[in-house]
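Hi everyone, and thanks for coming. I'd like to walk you through a structure that may be new to you, so please have a look at it on the screen.

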Amino acid sequence: MPEQPEQPYEGQAIAPTGGGGAYDLAMAEAETLEKNPGGPEGTGPDRKPRSLWSDAWHDLRRNPIFIVSGLIILFLVVIAIWPQLIASGNPLDCDLSKAQEGSQPGHPFGFNGQGCDVYTRTVYGARASVQVGVFATLGVTLLGSVLGGLAGFYGGAWDGFLSRITDVFFAIPVILGGLVLLSVVSNNSVWPVIGFMVLLGWPQISRIARGSVITVKQNDYVQAARALGASNSRMLLRHIAPNALAPVIVVATIALGTYIALEATLSFLGVGLKPPTVSWGIDISSAAAYVRNAPHMLLWPSGALAITVLAFIMLGDAVRDALDPKLR
C-alpha cells in the first residue's frame, strides 16, 4: 500500500515535513507563537517582565488591609493640610464659661479644661503629628540608608567605625534622651523634635540598609557588572540600591507611626511640642488631670492618635507582605 501522508494537526497551517511528530508539533507551536507574539502573560516581546515592585503593587491593590489603612492615611494627610475642610473654628478660641462641658450642638466632642472646642483641636492636631512623623521618617531613612549603604558596600574600617557609632546610639534610651536634649530647647516649632528623632533614629535604618546591601552585592548580576568594569557609583545606584531598598521601606513605613507616638509621648511629658502649638500629645497631657470629671477630653485626641499609629503599622505590615518573596 502506498504510504499515506501525515494529517496536519488541528489548526496547523504548516505542511508536515516528514521529520517526525515532535518536529511537526514544534513547527505548529512556532506558528501559534507567531500569531500570538505576546505569549503567556508577562512574556514575549510585547510584554515587559514583571519586577518585584510591579508584583508588590499587584498584591497591594488586592489587600484590604492596605486599602483601609491607605484611605485612613490619605484622610489624615488631607485634614493635616486643609483642616478647615471639616473644622471651621479656631483651635485657640476658648471660652472658660464652657470648660469641661460635654457635647453640644456644633461642638460634638465637647470642650476641654480651658473651654476650647475639642473637635477643632483634634482636627488641627493632626497637622503637627503627621508633619513630625513624615519629616522624621524621611530624615531617618535618608541618613541611615546612605551611611548604612556605604558601610555595607565598602566594608573595612568605615564599616567597623559606623558599627561602633551605632552601638553607642543604641545604648541611649529614647525617652531619657528626649528629656535631656529637648528640655533645653525653647523653640515651639516641630523642627527640634524632628531633629531629635533623626539623631536617635538613624542607627536602626542604617543596620537594615547595611545588611541588605551586603546581601545584594553578592548576587551574580553585581559581580557581572563589576567584571565588565562598572564603576562603584554605577553599581550602587543602578544595581544595588534598587534591590536593597525593600527592607528599608518596610521598616520606615512602620517607624512612621512609631515617631508619631513618640512625639505624643514627649509632648505629654512636656519636652516635645509646646503651646500654642496644637498637638494630640499636648491635649492628652492637659486632659489627664480631668479624666474622671470630663473623660471626653482624653477620649478623642487619644483615639485619633491610636487610629493614626495603627493605620501606619497596618500599612507597614501590608507592604512587608507584598515585598517579601518568601511570603508569596
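Predicted model: local features only at pLDDT ≥ 70, side-chain atom pairs only at ≥ 80, totals over all residues.

The protein has eleven helices and zero strands. If you trace the chain from the N terminus, the order of elements is simply α-α-α-α-α-α-α-α-α-α-α. The protein has 328 residues, and 37% of them count as buried.

Let me turn to the disulfide. The structure holds one. As a reminder, a disulfide is a covalent bond between the sulfur atoms of two cysteines. Here the partners are C94 and C116, with their sulfur atoms 1.6 Å apart. The link is right-handed, with 65° about the S-S bond. Both C94 and C116 sit in the loop between α3 (64–81) and α4 (118–154), and they are 22 residues apart. Are these two cysteines buried or exposed? C94 is partly exposed, because its relative accessible area is 41%. C116, on the other hand, has a relative accessible area of 4%, so C116 is buried.

Next, the aromatic rings. There are seven aromatic pairs in total. One of them is F109 with Y119: the ring centres are 5.2 Å apart and the planes meet at 80°, so this pair is edge-to-face. F109 belongs to the loop between α3 and α4, while Y119 belongs to helix α4, so the pair ties together parts that are ten residues apart in sequence. F109 is buried, at a relative accessible area of 17%. Ring pairs also bring in W300, so that F109, Y119 and W300 form a cluster.

Another of the aromatic pairs is F135 with W191. This pair is edge-to-face as well, with 5.3 Å from centre to centre and 65° between the planes. F135 is in helix α4 and W191 is in helix α7 (residues 191–216), so the pair ties together parts that are 56 residues apart in sequence. F135 counts as partly exposed at 38% relative accessibility, and W191 is partly exposed too, with a relative accessible area of 47%.

T166 has 1% relative accessibility, so it counts as buried. And which residues does T166 touch, once we set aside those up to four places away in sequence? They are W202, P203, S206 and R207.

Side chains of opposite charge can pair when their charged atoms come close. The structure holds six salt bridges. In one of them, R210 pairs with D159, with 2.6 Å between the closest N and O atoms. R210 is in helix α7 and D159 is in helix α5, so this pair links distant parts of the chain, 51 residues apart. D159 is buried, with a relative accessible area of 12%, whereas R210 is partly exposed, at 25%.

D167 is also worth a look. D167 forms a salt bridge with R164, the closest N and O atoms being 3.1 Å apart. Because D167 and R164 are three residues apart in helix α5, about one helical turn separates them. D167 also meets R207 in a salt bridge, at 2.4 Å from N to O. D167 is in helix α5 and R207 in helix α7, so this pair ties together parts that are 40 residues apart in sequence. Through shared partners, R164, D167 and R207 are joined into one salt-bridge network. D167 is partly exposed at 33% relative accessibility, and R207 is partly exposed at 34%.

One last stop: D283, in helix α10 (residues 280–287). Is D283 buried or exposed? D283 counts as buried, because its relative accessibility is 8%. Apart from its neighbours within four places in sequence, D283 is in contact with R121 and P301.

How values were computed: Residues numbered from 1 in each chain as written. Heavy atoms only, no water. Helix = DSSP H or I, 4+ residues; strand = E, 2+ residues; numbered from the N terminus. Buried < 20%, exposed > 50% of the residue type's maximum accessible area, 1.4 Å probe, protein only. Disulfide = S-S within 2.5 Å. Contact = heavy atoms within 4.5 Å. Phe/Tyr/Trp six-rings, centres within 6.5 Å; stacked < 30°, edge-to-face > 60°. Salt bridge = Lys/Arg side-chain N within 4 Å of Asp/Glu carboxyl O.
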